[in-house]
There are 2 protein chains.
Amino acid sequence: MYIPTLFDVDEAHARIKPHIHRTPVLTSRCINSLAGAELFFKCENLQKAGAFKARGASNAVFGLSDEQAAKGVATHSSGNHGTCLAYAAGRRGIPCTVVMPRTAPQAKKDAVRGYGAKVVECEPSTSSREAVFAEVVAATGAEFVHPYNDARVIAGQATCSKELIEQVAGLDAVIAPIGGGGMVSGTCLTLSNLAPHIKIYAAEPEQADDAYRSFKAGHIIADDAPVTVADGLKVPLKDLTWHFVRSHVTDILTASEAEIVDAMKLIWKRMKIIMEPSSAVPLATILKNKDLFAGKRIGVIITGGNVDLDKLPWQ
Amino acid sequence: MYIPTLFDVDEAHARIKPHIHRTPVLTSRCINSLAGAELFFKCENLQKAGAFKARGASNAVFGLSDEQAAKGVATHSSGNHGTCLAYAAGRRGIPCTVVMPRTAPQAKKDAVRGYGAKVVECEPSTSSREAVFAEVVAATGAEFVHPYNDARVIAGQATCSKELIEQVAGLDAVIAPIGGGGMVSGTCLTLSNLAPHIKIYAAEPEQADDAYRSFKAGHIIADDAPVTVADGLKVPLKDLTWHFVRSHVTDILTASEAEIVDAMKLIWKRMKIIMEPSSAVPLATILKNKDLFAGKRIGVIITGGNVDLDKLPWQ
């Protein structure tokens, strides 16, 4: 297992800069007032392809040799990593296959195809996903870019918090949603090297709280097919992300489905930005743990904005 | 009738700067590709109180003498001007009354009250609105800040295109929605003085096309209670806004209800920002008049983001 370093992060940032946005950091006086803290929202929903995963995917795709690239890339993903790998592969002009649960939002399937990649459907469980994916790789010889348990991907995601600490001085903590742990691992990689005084929190749905239980138990616990509105956070930790989470995360906080939807609607209403349910989990946990964050300066990663506008969770 | 000048715009900008955002200009490669032009979206949906009208309202409120201010301000508004006047009055700590149609979105009524102002309801017609409003002013002695037919308000709105031409070089045209004409008049005021080579277009719903018909007829035509999803654009031109429209606007373009909703959804989906139906009318007209804008650099004013999230127009 190769553990990526700060050198990999710097190399990733130089490699992907032409292909990603340096996303803005937005604030809301109203939400600060509700939280009793100063929140700085790093808006990866405004990232290329609508999610932070454009960073890791671009780093993986543009780091391939021409020989590797000719065979294309492949992945399995409940959504944004698939879209973003398709985006990056499209930018480089190489083939891309994405294995997606048949229950994934139609908007996400359309987005993958819109970037010119091929979608292969599987059942909505980790076991089915991995089986179908193995067939795809065997047939195509494509380079596997795992959604998160991949040093290239984590180094790419790490560029997000690198930008954040350049954009906002004096942060006390950064909080990000946790599913497989790619963004959280990237955040750990950057902050443990460049700003080790900044605490790192992960936020997870109560109904998909395998990372929370892993963190408390001291070893990886994986659930098959949890059910939550935060559809980007259903996947389990793997060895590489577990390394970062157990080494550098201060705590993992959880929120109920209702708290997640309320936080999502609050951000839509007050900040006028579209972000997906997964991205609302950090604010939901901040609002229910006010004592923990009172008066602090908190970076909040808004991870993505790919929502099916015909199926909003409060309707 | 006092016609505001560039001096008033500069004075307004200095006066309101502490109370407004210099809003960002966003772009979308996907939407540019669909339009066949380069579009620069000036995002007043991210403005204080969620609309450009915070500019004009702040200029009016902060320009009052202490003696005038003590009696408060009042207005009638189908939505955003009311919210924004309430916002500005709240910042100055003076009373504010807003007469609103009883059919106005609940979210807009709540927003006015949220800033500490009083809402008085009227019937959803121009005639009822003006009658109820006269009673309010008689009872309170408040200073009337008209939503658009007011030199202070127009000078405030004019600061938007002043920022836009500082933020984007080489624009060929600017397009904004037209209801009463406050934003379009402010745009005319700024551009006719500072960048007279930039063409000014106004965009209007077909179902509330009184400004279009006025422009073609050469005199003001007013409709009572038109019906359109673009609820911010139902009001008629008045003498001051008519002066600017007839003097400086190149053309007024219209779009159907379906075209407006499609353009709104396209912006939500691709740009991940929340804007109201009125703000989608310019893009709707650009997409149906591609020859007119082909290859051009177009500033597009996104006027506001105050939407009732429980009643989206595509549902």
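Helices (H or I, at least four residues) and strands (E, at least two) are DSSP runs, numbered from the N terminus. This is a predicted model, in which local features need pLDDT of at least 70 and side-chain atom pairs count only at pLDDT 80 or more, while totals for chains, interfaces and linings use all residues. Residues are numbered from 1 along each chain as its sequence is written, and chains are lettered from A and ligands numbered from 1 in the order in which they are written.

On the α12(A) side, Glu259(A), Ile260(A), Val261(A), Ala263(A), Met264(A) and Ile267(A) meet residues of α13(A) that include Pro277(A), Val281(A), Ala284(A) and Lys288(A), where two residues are in contact if their C-beta atoms, placed from the backbone, lie within 7 Å. By class, this contact of α12(A) with α13(A) has eleven nonpolar, no polar and two charged residues; Ala, Val, Leu, Ile, Met, Phe, Trp, Tyr, Cys and Pro count as nonpolar, Asp, Glu, Lys and Arg as charged, and the others, Gly among them, as polar. Lys272(A) has its place in the loop between α12 and α13 of chain A, and its phi is near 60 degrees, a positive value in a residue other than glycine. Lys272(A) has 25 other C-beta atoms within 10 Å and is therefore buried, the cut-off being 20 or more other C-beta atoms within 10 Å of its own, with 12 or fewer for exposed and partly exposed in between, and with C-beta atoms placed from the backbone.

**A parallel sheet and a covered helix**

Chain A also holds an open sheet of four strands in the order β5-β4-β3-β6, with parallel pairing; two strands pair if DSSP finds at least two bridges between them. At its edges stand β5 (118–122) and β6 (143–144) of chain A, each with a single partner strand, so one side of each is left without a neighbour in the sheet. Two bridges join β3(A) and β6(A) in the parallel sense, and Ala74(A) has Phe144(A) as its bridge partner in β6(A). Packed on this sheet, α5(A) touches β3 and β4 (96–101) of chain A, and its direction makes about 170 degrees with that of β4(A).

Helix α3 (residues 53–62) of chain A is mostly covered, with nine of its ten residues buried, among them Lys53(A), Arg55(A) and Asn59(A). The cover over the buried residues of α3(A) includes α1 (6–16), β3 (73–76), α5 (80–92), α8 (151–167) and α9 (182–194) of chain A.

**Strands in chain B**

In chain B, strand β4 (residues 96–101) is mostly covered, six of its six residues being buried. Cys96(B), Val98(B) and Met100(B) point one way from β4(B), and Thr97(B), Val99(B) and Pro101(B) point the other way. Strand β3 (residues 73–76) of chain B pairs with β4(B) in the parallel sense over four bridges, and Val98(B) is the bridge partner of Thr75(B).

A further open sheet of chain B has six strands in the order β1-β2-β10-β7-β8-β9, with mixed pairing. Its edge strands, β1 (25–26) and β9 (251–255) of chain B, each pair on one side only. Strand β7 (residues 173–177) of chain B runs parallel to strand β10 (residues 297–302) of chain B, joined by three bridges, and Val174(B) has Gly299(B) as its bridge partner in β10(B). Helix α9 (residues 182–194) of chain B lies across β7, β8 (199–205) and β10 of chain B, running at about 160 degrees to β7(B).

**How the copies relate**

Chain B can be laid on chain A with an RMSD of 0.0 Å by a turn of 180 degrees and a shift of 0.0 Å along the axis, with copies superposed by least squares on the C-alpha atoms of residues with pLDDT of at least 70 in both. That is the relation of a two-fold axis.

Notes. Axes are lines fitted to C-alpha atoms, for helices over the stretch in contact, and angles run from 0 to 180 degrees between N-to-C directions.
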